[in-house]
Structures are given as C-alpha cells and as structure tokens.
Amino acid sequence: MIVSVFGASGRTGKAFVKLAAESGLYVRAHYRTAPLEPSPDTVTVVVGALTDPTAVREVLRGADAVVVLLGPHPSAHRVFCATATKAILAGMATQNVPRILCVTGAMIGERPSNVSLALKLMSFGARRTEQGDTLADRDAQERAVRSSPAAWTMVKPATLTDGLGTEFEAGPAVSVGLSSRCTRLSLATFLVAEVTRPQYATSAVYVKDR
Ligand SMILES: NC(=O)c1ccc[n+]([C@@H]2O[C@H](COP(=O)([O-])OP(=O)(O)OC[C@H]3O[C@@H](n4cnc5c(N)ncnc54)[C@H](OP(=O)(O)O)[C@@H]3O)[C@@H](O)[C@H]2O)c1
C-alpha cells in the first residue's frame, strides 16, 4: 500500500511516517522544506509548496490513501488548512486517490452528543476570540472533506500530548471532554491501523487515551 502524508514534518506527522514505514507501508511524504534527518528507503520525500499543484500531485502519485496532518502554528496569523485541503482533494481527483483521512479536532465542526457540554461551550467561546478565524478555517476544512466524493474519515483527537503512547479508544461515539487527552503516538497508531484496515469510511472518529 502507498500512503501520502501532508504535514509529515509535524509532531504527529513524524510519528506517523515512522510507524507507517515500520508497518510495511510505502510513504510519500510532503515537506515545505527538506527534512534534516534521513528517511527510510520506503519513504519518498517530496518538497514543495502546498500552493503548487504539481508538488501536490507528486505527493499523491499512486497512493491508496492520503493522511492530512496539517495544523497552524500557535503564532500563525494566516489560515491555510481549508485552502490546502481543497488543493489536496483536487489533486486526489486527478490522481484517482480513493481515500482521505483528515485530522482536525474534537472542537471542530459539528458537535454531537459524545462531545461534552464543557468542550462545546469552550469551542463556542473560542470562536469569539482571536482563535475564531482559525476555528472557522478548520470548520471549512471539515466541510470540504465531508463533501468530497472520496471515501473520507474525519479524525478528531482530544488535546494532543507528547510522550509514550498508551491504550487509546477510537470511534464515532467515543466521549471527549475538557480533560481528555491523546498522545500523538496513539493518534499515529490509530491512523496507521485505519489506513491498513479501514473501519470508518465516511465517518467522524474521536480518539482519546484511556
Ligand atoms: N494541539 C492539540 O492539542 C490538538 C488537538 C486536536 C487536534 N489537533 C490537530 O492534530 C493535527 C496534528 O497536530 P500536531 O500538533 O502533531 O501538528 P504540528 O506538530 O503543529 O504540525 C503541523 C504541521 O502543519 C504544517 N504547517 C503549519 N503551518 C503551515 C502552513 N502555513 N502551510 C503549510 N503547512 C503548514 C507544519 O509544517 P512545517 O513544519 O513546515 O511548519 C507541520 O507539518 C493538526 O491538525 C492539529 O491541529 C491538535
């Protein structure tokens, strides 16, 4: 299987690329700037701008699935996730990539009953702060993915942490609240499993550590 990754340089991205390669997947990884560390033979590094359709198509070439792990840096002033994801979806259509797994967050998009009231209130309040544009961009990112003709899985982790992975749970009805946490290793582990053995096509999946 070939999996394309956008956001490969990020913290979850690095964990995903490593785990995917160790699991026997061929990886086509996108970077804005070339990574300093060497990559395994089964990882193809593609360096380019997300605004360059040729670079995006090159990342997607021959892929069975694409994983999107893009997210804004805390100090960022310009949103980019919705536009970049639309460019990836357009590239998928030309490259016949059948599946997208897009990571957003539990505070993004629709808020079903498994998301706690406290988290919903926090999400509501944050939209009235300087985070509002960022959250609106992520909402638009989700809408773009959900309206895609490709098989999509929206992956919505709890607050991400670093460190060793632990046992985690994942599913459309997993309850997520203010105190829920998810290590990036747990998230990467879930993504590799979901790429390899799809369970949640056309579905939103919440992920948190037990
Ligand atoms: N932090 C949390 O608690 C939390 C909770 C739930 C969900 N999430 C989401 O989970 C995902 C993974 O999070 P993470 O913390 O592992 O990510 P991260 O380490 O912050 O990595 C972000 C990735 O996005 C890329 N990126 C940032 N700004 C960009 C721009 N303007 N143009 C193109 N690429 C850009 C980065 O590339 P460069 O290295 O080139 O900058 C990097 O590959 C993200 O979608 C995040 O929003 C986070």
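Colleague: Is the crossing in which α3 passes α5 left-handed or right-handed?

Modeller: This is a predicted model, in which local features need pLDDT of at least 70, side-chain atom pairs count only at pLDDT 80 or more, and totals for chains, interfaces and linings use all residues. Residues are numbered from 1 along each chain as its sequence is written, and side-chain values use heavy atoms, with hydrogens and water left out.

The crossing of α3 and α5 is right-handed (the near helix is turned clockwise from the far one by less than a right angle). Helices here are DSSP runs of H or I with at least four residues, and strands are runs of E with at least two, numbered from the N terminus. The axes of α3 (residues 81-95) and α5 (residues 132-146) come within 7 Å and cross at roughly 15°; axes are lines fitted to C-alpha atoms over the stretch in contact, with angles from 0 to 180 degrees between N-to-C directions. The two helices are therefore roughly parallel (angles under 35 degrees; over 145 is roughly antiparallel, 65 to 115 roughly perpendicular, and the rest oblique). Contact (heavy atoms within 4.5 Å) is made by C81, A82, T85, K86 and L89 of α3 with D137, R138, A140, Q141, A144 and V145 of α5. By class, these residues are 6 nonpolar, 2 polar and 3 charged, where Ala, Val, Leu, Ile, Met, Phe, Trp, Tyr, Cys and Pro count as nonpolar, Asp, Glu, Lys and Arg as charged, and the others, Gly among them, as polar.

The axes of α1 (residues 11-22) and α6 (residues 184-196) come within 8 Å and cross at roughly 45°, so α1 and α6 are oblique to each other. Their crossing is right-handed. Residues of this contact include F16 and L19 of α1 and L191 and V195 of α6; by class, the contact has 10 nonpolar, 2 polar and 2 charged residues.

F16, in helix α1, is buried, with a relative accessible area of 0% (buried means under 20%, exposed over 50%, partly exposed in between, with a 1.4 Å probe and protein chains only). Beyond four places in sequence, F16 touches V3, V5, V67, L69, A188, L191, V192 and V195. Within the largest nonpolar core, of 40 residues, F16, V27, V67, L191 and V195 touch the most other members; such a core is a set of buried Ala, Val, Leu, Ile, Met, Phe, Trp, Tyr and Cys residues joined through side-chain atoms within 4.5 Å. Helix α6 gives the largest share of this core, 6 residues.
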